[in-house]
Amino acid sequence: MEQQFHLSAVPENTWQNLHTIFLSAAVLALSGSANAAKVAEAPLNYFMRSHGPAAEPTKYLGWMLTGLSLTIILIISLLLIAALLRNRPLMDMRAIGPESGGLRWIYIGTGVSTFILFGLVIYSLIVLDAVAKPPSTPAIIVTVTGYDWWWRIEYEHDDPEQAVTTANELHIPVGQPVLIKLKSADVIHAFWVPTLAGKTQMIPGLINQQWIQADTPGVYTGQCAQFCGAGHAHMSLEVVAESAEDFEKWRNTQRHPVSFPFKAGSTGEFGQKLFMDRCAGCHAIRGTDAAGGHGPDLTHLKSRRILAAGLLPNTPENLMNWIANAQRFKPGARMPSINLTEAEKLALSTYLSTLD
Amino acid sequence: MQSQDSRLRRSPEVGKAPVGSDAEKQLAEIWESLPGWKGWFSTVDHKVIGLRYIVTAFLFLLIGGIEALIMRLQLAGPNLTLLTPEQYNQLFTMHGVTMIFLYALPILSGFSNYLWPLMLGSRDMTFPRLNALSYWIFLFAGIFMYVSFPLGQAPNAGWFNYVPYSGPIYNTGPNIDVFALGMVLLGISTTVGSVNFVVTLFKMRAPGMTINRVPILVWGTLTASVANLLVIPSVSLAFFLLWLDRQVGTHFFDVANGGKPLLWQHLFWIFGHPWVYAIVLPAMGIVSDALPTFCRRPLVGYAWVALATMATMLVGFEVWIHHMFATGLPAVALSIFGAASFVISIPSAVAVFAWIATIWLGTPVFKTPFLFFAGFVILFVIGGLSGVMTAAVPLDWQLNETYFIVAHLHYVLLGINVFPVVGGIYYWFPKFTGRMMDEKMGKWSFWVMFVGFNVGFFPMHLAGLLGMPRRIYTYSSRMGWDTVNLITSIGSFVFAAGVLIFLVNVAISLRRGAPAGSNPWDAATLEWSVPSPPPAYNFAVIPHVASRHPLWEDRMDEGSNRSSLEEGYLLMEGRETIGTSPIDAAPEIILKMPGDSATPFFVGLFLSLAFAGMLLHWWSFTGLMILSCVIALMVWMWPEKALAQRSPASPSREAHV
């Protein structure tokens, strides 16, 4: 289950491979961890992995600053140890050294520091310029709205029929920049898919923007990065980057409202009725009367990889478990734990399993 | 400043008052507080207040530390269920609130309250009663912020308390009201304390202690106090507006009615960032003053370090946006604040190289306080460099809100505040109590704390680089954070063990420590010229200072001027000390100091009860308490005969040396 759950992208070339190995070794030597691969492939590990031009220059900046910082720490430590332990002529402990002298330490030390710092200012501004704006105007615009504690994802279209709404799973085509408009429905959240780009806050009353681009197909994990209450730990999302054709195929599927395959009196029809009674106040299913806006749009629920903003993989068992025990999984969430009889469970499950 | 009324002119007697002399006994009688509980409530002795600050703040440190240990248990492994999310949120909020507001600044105020008059050669702070008030309000505000904790309703929106999460819609309990009112109350304490420090520096230095002779701790606290006066209004306003939004129905931060959540972030960080420097600069001052004692030479580059202290704060007002890089502000604005955040490390470099040069050129004496100060230097460098990394805007978009920041801020706050503070307690404990602390246990406490700290907090950098966000109560094992978190949890308990050794050392040394004498470390500054613990009047005669190192000048090649410590103004017609000019410290006026009074306690108490009334919506009770507060203030301010010049005019002119 865990394996299926995140696909790690393969490094593009040997050069990068070497870097990855070297850096994992460095990190692991420091952390003393035995399970190297696991740490190197940590889904949010932005230090060793980047998968697009909005993240890559920052990764190199991070390496450069880390290397420089470690070097300076080493030099200062050696200086300090030398200062502490260097041999000195035996001295009367009542004697006091003169106040003058030693200023050269300050002049040289501060001078060199200033020189380095100004270099860093320039380098960081160059990187800022590289990642702040996409190289070309994004053709795809997605609005992501943060909720306590999930993400609404909307693909705009001039024709409302063609627009797509989904939740917690952001599909993008590889190799091109995608503009993300960031909103919040309640408190401040932050949109962060570390291997694709840095984070941006989603502030109620404002629309922030950021862009991402994935150069290799894969699934990239994101996480809310601004404390937003009890469910903050369980507010992640996935970015699914796929070829342009696959992306179009996905988007076309998502555009369709659901159809009604149920015969009157069937379990599925009972399930649908149950949904309309118990769930439709908060959840929408396009093509039905369910139009609730408080919770995720469930039109193509079955096609999604994850449930409850990344808390569970999307399997029929997990889905029913989540419906019955939402408050246990995510205390304080707006989704209540719903009491259902076995027959109701079966019916609802049957109905939901048709939402592909 | 100078009295124009010639009848009130008086030239103070110059003389000696050795221990045991009649003059000395008379002084003791004038300055000592009443024995028993009356004296306990009414004392305005800066030394007593300073120690109260230190003890209270240290207790808060222990409470905050226990909160941290509970959180480290919860985070020791993936998917642990020791705490619910809500409990975890209250714990990390109270941990931050406690450490930042109830420990970090108050402990430094404690040191400064105790040490300033002794270092400056004065008999007290300028406003002794204000000093007492500032302590009482701090104590009550601390208790206030903890009242809802046992009810499970403690503040839970983080110490930064962002709206709208902390607003009336998403946070309905009393949690945030407690925090908001507590912060306004605490702000009053910090403000009056800061006023006292600023005026004390400019008016209360011993004759001859020109502005370029004051210890660096004084520069640090002065800078911090000026900054506090400028930025506390911002945070007090923010919390007051939030309270209005919550309880009165205003819309300052209410999005639905045009309020702006970003306004909170600006108001908070305009205060928050200078505050970071306010809680490290005095601690850096502790090191700058105490480190040279163990290097057997003065600090290298005194003027540079003093200037760097002020430069840090000046630039410190221009960096608050680096807490807000991810809020969507335009890139040009971000680059300016990013550049300022790089530049602010230049004055820090000055201090670091000054300390290393002092050690290099000196002859280190490896006593416990010195270990803490030398260890501090490397922690300071690590915390500073991780800070430089976050100054790079694009990199901060990744590092921000991850454990990398948690690592950075703990290197800064523990490294630059706790290590100097514990070193400072080892250093001044003999002055506080008259007894030495145990060296062997002291060295153990240092090494256990130092190793535990680095084992605990260094891996947090890695957790951050691996993408671990802050303020999550649990994590899944597929995230790859298990090992680093386990190491961090182990390290934090080792660190706690080090603190425990320190506490045991304090407890034992209080009773059995070797007698210290007045200057056990052979240090240079004025506080070591008086007995340990110092008498209530501090200085039997007001010293005359001729150099930066009054107790070393015989052994240094410092020209022919010598400070006069045994002979000086006697000033014993009531509580008196000398007021001097701001720059040259030329004697200007005899200051009649107010006597002990319980009014500061009552003003603080009534004020705090008024805030409690606001919390509980007992409006008439609040009104009654404010009225009581005003009455207590009137009693406080009531003119007293003892504060007027009583001597007949003497033929000689104004006091001069």
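Predicted model: local features only at pLDDT ≥ 70, side-chain atom pairs only at ≥ 80, totals over all residues.
A residue counts as buried here if 20 or more other C-beta atoms lie within 10 Å of its own.

As for the fold, chain A carries nine helices and twelve strands. Among its contacts with a separation of 6 or more, 64% come from residues 24 or more positions apart.

## Where A meets B

On to the interface: the contact draws 83 residues from chain A and 82 residues from chain B. On chain A's side, at least two residues each come from α1 (2-5), α2 (14-31), α3 (36-40), α4 (56-85), α5 (103-132) and β7 (200-202). The top contributor there is α5(A), which puts in 16 residues.

Sort the residues on chain A's side by type and you get 47 nonpolar, 28 polar and eight charged.

## A helix to look at in chain B

Still, α4(B) has a kink of about 30°, centred on B:Thr98.

How buried is α4(B)? Of its 36 residues, 34 are buried, which means the rest of the structure largely encloses this helix. Just past the end of α4(B), B:Gly121 adopts a positive phi of about 75°.

Methods: Residues numbered from 1 in each chain as written. Chains lettered and ligands numbered in written order. Contact = placed C-beta atoms within 7 Å. Helix = DSSP H or I, 4+ residues; strand = E, 2+ residues; numbered from the N terminus. Nonpolar A, V, L, I, M, F, W, Y, C, P; charged D, E, K, R; others polar. Bend = angle between axes of the 7 residues up to and from the residue. Buried ≥ 20, exposed ≤ 12 C-beta atoms within 10 Å, placed from the backbone.
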